[in-house]
Amino acid sequence: MFNAKRMGFITAAIIAGAIAAVLAILPDSGATQLMRNALAIGWPGGLVIVTLMLYFQFGRAKDPNRGQLVFRSIIGLLGYAMFFIAIANYATNFNDESFGAPGEPRFLPVSLVMITVSCFTMAMYFKGLRVLLQLGGFMFFVSSCLAGFGNWLPQVKADPPPAEAEGGQNVKEMSVQDRADMGEKIIFGAVGASNTQGAIGKGQCPLCHGFQKGFLSERAPNLFGVPKRALEQMKDVKYSQKDASKRDTAQKEACPGCGTASTAVEYIAESHACPNCYVVAGFGVKGTNDKESPMPVIHKSPIGLSIDEMIAVDTWLFAREGEEPPSPEDIENAYKKFIPEADRPKPAGAPGAGPAGPVPGAPVVTGDEPVNEIFTKALCFACHNIPGIPGAVGAVGPKLVERTNAPGRIKDPAYKGKATSVREYIMESIITPSAYVVKPYPDNIMPKDFGKKLNAAALNKIIDYLAQLEEGKEPPKIK
Amino acid sequence: MATLNKQAQKKIWAFLALGTFVGLLLLPLFLSLPAGASGGAPAPAASTAPPVAQPADAKPVEKSRDIWYKTEGPVVGAPAPKTTDGPKDYPRYNFESRVLLWVANQQHLYYGSFVLAVPIFCMVIEYLGIITKDKALARKYDQLAYDFIKISLTAYSLTAILGGILVFTYLTLYPTFFGYLASIFRPVMHTYALLFVAESGTLYIYYYGWDRMREGFLKWVHVSMSVVLNMIGTVLMMLANSWIAFMQSPAGVDDQGRYLGNIWHVIHTTLWNPINVHRIIGNMAFGGGVVAAYAAYRFLTAKTDEERAHYDWMGYVAMFIGVCFLIPLPFAGYWLMREVYAYRQQMGITLMGGLLAWLFIIQAVMIGSLFLTTNYYLWQGLERMRGAERYQKYIKYMVFVLITCFIVWLTPHTMVMTPGELKAMGGQQHPVLGNYGVMSAKNGAINTIITTTVLSFIMYQRGNKVPTVKWAPMGNAFLFGMFTVAYINIIGLAIYGYYIPANVRVGLSVPQVATTLSCLFIGVLLNSIMLKGAKELGPTAWGQVSVRSQYALIMLATAFTWMMGLMGYIRSSVRLFWHVNEIMRDNSPWAFTHTIGFAANMISFNVLFFWITILFVFWLGSLGIKKAPVAASVGQKVPVPAGSH
């Protein structure tokens, strides 16, 4: 009763019905859009198949194989449609993960599965191409599994460091906090990122060093407590503070006559400028008996931090432990002690230095953009779930349905801010994120410099939008 | 000379002919070397150009230090250009240029690997055909070698076309970068082009002369040509490797990227040889996979039993070659990685413990899948042999062992998590499953998988045979004891690893790997000796194997291709935002590193594109069949790889 031909007809009818239903009932859905795109790309081939089908039906009325030919045309059309829907899905979702780019690359393996189904379906009815279709389908299936697995794993996109150092800013004129923030950004890639697992900045320090108390660092010493520990290390016989020539290391001094460190800040500067001068026990290059360090010289390529940047980094190392950081001049002098003038990295703008990159901290938007673009450019989407904003499904921070959230939070006894309305609460959360930290999210994750990055127009647009978001309700349409 | 027999005389003439042929073909290489070595450097004594008188007020030659070799040399090149994002340095379509280059590069590499690997198989198989005394077997070997080279011929044209596309892509999308590379590698690139001509000529003579050079002395000349073909191919590959090795670990230039006149330093960078070895072995495994897929395709479309028998055998041989080269591949990879760490520890950490570490999880899954599939194919192959039923009952236990180890093998060490997830789990590692994500468990798992695969192969060797040597009981007992002790040792050391410090634990992998390799070499060798003159319970019925087994071959081929794309991506992307590591920065908008998902999508695209085109090549190959495979009736004795049943 249910032979292959009849089953094929039933399957084709069901799929055709499903497509028609989607088109009729959900005219604005993503699936409909996908089918429209597929039609736009593949209509010429589809037209040929339909023409063939009509020819078989009406032009070869006496052909005893007419039914078979028409049936194969239907199956061919079905496979062809599925193939082009898969391509449309690929085209729609293919992007380079740029901020604001449409689509979701994680959906691409779905295309491979669709082509697999298409191949195996057609292989059932086109005997001449059966083996090729089955083999092809199988390869698509294997690739879809592997690509699917790749997309299931945690996704990290690594941006290159800025083209040049923090040009345009004088590190000595910055406040201690700004200088420390700059240091944190160099180490971890963002202000407040020191608690984020896997965060890494231009300095690349967390590749090897640990920074949290108790964290087991296997590749390089944990730098927690280093300002105090430095004083102890300098007393180590191996460090040979009084006479560098007695050191048993690959390099005895950072430069001839540079000598050894006498303060914690000098010790840190020497470690950066000459990692080989003293190697903490157990962290040397394997086989060198701790005489050689695997750490690169920080002011040279590939890390290539400028002295200003190293001042910022060292400031952060002190400041984050509640220690009074040495003055920028003291740190600079420490570096000058261990880096001869000819060897010092050139400041941005100097001859030989590369073009200056964008100035960090400068406004990232003009305020004229649509609100979704502002969210994208300001990177809010990376951490927050913001209904109505494509791609804003971050889980690092709370979901921003502020019309629902804000009233309750303002009344919370733990709330220390001054806001009295939803709009004020949103503004406060952006400018001073620590005024109220939503549980269970940790403090200091959200950058504190959005007040500088976003101008009044942009802030207003953000506040307008977030203040309308309610849990369980449709987000407002973006203008 | 009178004492020399006819065969020896033929050999001497063949070697002489070969020597002349090699000399003529490599002549362009030697001619170009002096010019290349000078690189335009002021070395008039070695240069073929007439000496130019230096003006009296000429500036002294500036000298600089080699960034890697630390030697001093005259500055003869311009510094690496500092590019800016714009149409001058990065002209573009409305699409990511890097993705276009990725596709062009990968396709050229797939075809290039294939056409370099296949002539090596041909050489070995044709040689086997010459030295085999059984004429029927010799013809069969010869036919197989011919089949191999026929497939690679069409692929060869495609390789050249794709090479052209690749160069055009570089020139049109990355002109500044390519210009810099070409300014340094100018002599190497010309030599490469000349060698390519030599390779093409040799290949065409080798293929089209197959029938004319079928007998006697000419056959020796013919097989000698395959040696030449492979020599040129290997040099070609090594020259191309020097470009990518330079991009990853530059040498021969100073810290500004200025060429210092020593072309050998530029070619012979610290990662060049590890990459060469890794690629040769990888190409062989990949080539085996592609030929196995071809054989599977021809098996599935075969119309007669003879055809099915021939292609079943061909698929088995190709799979065998592929897996043989798959086994040493991790060791070559280990050497490469060790050299990467020695060159720049940060680069090593970015690969194995940083940004790209997750890609190695995918690799682990693939390696596990490859071994599972190989086992499955061998078990399916037991169906060809009467008497192999007695081994079927053990398969279920082996499946259990393999799957368990596979799951342990792919358990990740840590996961990237949000602070909330981290808190909920109580740390970076899961309290229970985390125990399986550590090196101790993984080392135990992968060694158990390989040892079980060896056991499967030994089982397969014995399929339809019963050893008749006198010492067979003792040999069996030894094999049983060896494998039992091996499993106890591997798993015991894995458990012991949990109780000792990390630095001691690392050393445990040595006895574990030694155990596995002992099982592989001693087990297979002993079994092969035991099976000499063994009693056959029934013939091996080539062609009488399940269709599923052929899908296992397709799975192996697809997985090899995917893994090659994956590892190539890892090697390339570890340069992060550098065109030439630490010398020339990538300032295009695509200097970032893509997510794993995006990379996986691109690798899939490349793999499928390659397979769609190579299926077309297979189809073309089937159109031009002039000779039917040598008839071999079902159950006829056919040659098998050394050590097989």
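**Domains, cores and confidence in the predicted complex**

Chain B is divided into two parts: domain 1 spans 97-366 + 543-623, and domain 2 spans 389-536. The model is predicted. In it, the C-alpha centres of domain 1 of chain B and domain 2 of chain B are 30 Å apart.

The largest nonpolar core holds 197 residues. Within this core, the residues that touch the most other members are Val118(B), Phe148(B), Val291(B), Ala292(B), Leu553(B) and Leu556(B). Helix 7 of chain B, residues 272-301, supplies the largest share of the core, with 16 residues. Neighbours within four places in sequence were set aside. Another core lies apart from the largest one and has 43 residues. Cys277(A), Tyr278(A), Ile311(A) and Tyr335(A) are among them.

Confidence was considered next. For the complex, the predictor gives an ipTM of 0.82 and a pTM of 0.70. Chain B has a mean pLDDT of 84. In this chain, 87% of the residues reach 70 or more. Over residues 34-53 of chain B, pLDDT stays under 50. Where pLDDT is low, predicted coordinates should not be read in detail.

Technical notes. Residues are numbered from 1 along each chain as its sequence is written. Chains are lettered from A and ligands numbered from 1 in the order in which they are written. This is a predicted model: local features need pLDDT of at least 70, side-chain atom pairs count only at pLDDT 80 or more; totals for chains, interfaces and linings use all residues. Domain bounds come from an automatic or database domain assignment. A nonpolar core is a set of buried Ala, Val, Leu, Ile, Met, Phe, Trp, Tyr and Cys residues joined through C-beta atoms within 7 Å. A residue is buried if 20 or more other C-beta atoms lie within 10 Å of its own, exposed if 12 or fewer, and partly exposed in between; C-beta atoms are placed from the backbone. Helices (H or I, at least four residues) and strands (E, at least two) are DSSP runs, numbered from the N terminus. Two residues are in contact if their C-beta atoms, placed from the backbone, lie within 7 Å. pLDDT is the predictor's confidence in each residue, from 0 to 100.
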